[in-house]
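Please walk me through this structure for a reader who has not seen it before.

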Amino acid sequence: AMERAQPPAAPAQAVQVVSSTWARDSHDLFDFEAHHLHTKTFTVLKSMVCVRNDTNVEMLNERASPPLGSDPLLRLVQKDGAFWVDKASPQSSSKKLWLVVRDTPPCGHRLSENDVI
């Protein structure tokens, strides 16, 4: 008997999330001079929420309850074969999402309506 070969599975789309936090309060600004960064890397394969508690960052299922005292940072939404970055939840008091200007390419960043600079 002949076996029919299965077509190769489509490669799963993923987003790599790298978080860097530090213990010193810098009033919600990125501390470029921090020497003791706590860095974590996550590979996200489906819609998830990113939360922070002090220097600990976690990626949680979007329907999971965040741990007490944690700050929701953002939500990665998988939709129509792509990932989108959104605020942590429509009704949450999550902080605004920021773009670190120092990390933009030399050609700059095109501003869009409702961007905060």
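Is Ala-82 buried, partly exposed or exposed? Ala-82 is partly exposed, because its relative accessible area is 27%, and the buried class ends under 20% while the exposed class begins over 50%. The model behind this value is a predicted one. Ala-82 belongs to strand S6, which covers residues 82–86. Apart from residues up to four places away in sequence, Ala-82 touches Gln-13 and Val-77. Ala-82 and Ala-14 are separated by 68 residues in sequence, yet their C-alpha atoms are 9.0 Å apart in space.

The overall layout comes next. The protein has 0 helices and 6 strands, and from the N terminus its elements follow the order β-β-β-β-β-β. The protein contains 117 residues, and 21% of them count as buried. Taking contacts between residues at least 6 apart in sequence, 34% join residues at least 24 apart.

Leaving out residues up to four places away in sequence, Leu-76 touches Val-15, Val-17, Val-44, Lys-46, Ser-47, Met-48, Met-59, Phe-83, Trp-84 and Val-85.

Ser-47 sits in the loop between strand S2 (38–44) and strand S3 (48–53). Beyond its neighbours within four places in sequence, Ser-47 is in contact with Glu-62, Leu-76, Val-77 and Gln-78. For Gln-78 there is a further detail: the Ser-47 side chain reaches the backbone nitrogen of Gln-78 at 2.8 Å.

Two other loops hold residues with a particular backbone angle. Asp-54 is in the loop between S3 and S4, and its phi is near 55°, a positive value in a residue other than glycine. Asp-80 is in the loop between S5 and S6, and the phi of Asp-80 is likewise positive, near 55°, in a residue other than glycine.

The last stop is the empty space around the protein. Rolling a probe the size of a water molecule over the atoms shows where empty space is left. What volume does the second largest pocket have? The volume of the second largest pocket is about 170 Å³. This pocket is lined by 13 residues, and those nearest its centre are Val-49, Glu-62, Ala-64, Ala-88 and Ser-89. S3, S4 and strand S5 (71–79) each give at least two residues to the lining of the second largest pocket. Sorted by class, that lining holds 7 nonpolar, 3 polar and 3 charged residues. Glu-62, named among the residues nearest the pocket centre, is also one of the contacts of Ser-47.

Terms used: Residues are numbered from 1 along each chain as its sequence is written. This is a predicted model: local features need pLDDT of at least 70, side-chain atom pairs count only at pLDDT 80 or more; totals for chains, interfaces and linings use all residues. Side-chain values use heavy atoms; hydrogens and water are left out. Helices (H or I, at least four residues) and strands (E, at least two) are DSSP runs, numbered from the N terminus. A polar contact is a pair of N or O atoms within 3.5 Å; within protein, one must be able to donate a hydrogen and the other to accept it, and residues adjacent in sequence count only if both atoms are side-chain atoms. Contact means heavy atoms within 4.5 Å. On a 1 Å grid over the protein atoms alone, a cavity is a set of points where a 1.4 Å probe fits but cannot get out, and a pocket is an open set with protein on both sides within 12 Å along at least five of seven lines; lining residues have an atom within 4 Å of a point. Grid points are joined across faces, edges and corners, and a volume is the space filled by probe spheres set on the points. Ala, Val, Leu, Ile, Met, Phe, Trp, Tyr, Cys and Pro count as nonpolar, Asp, Glu, Lys and Arg as charged, and the others, Gly among them, as polar. Buried means under 20% relative accessible area, exposed over 50%, partly exposed in between (1.4 Å probe, protein chains only).
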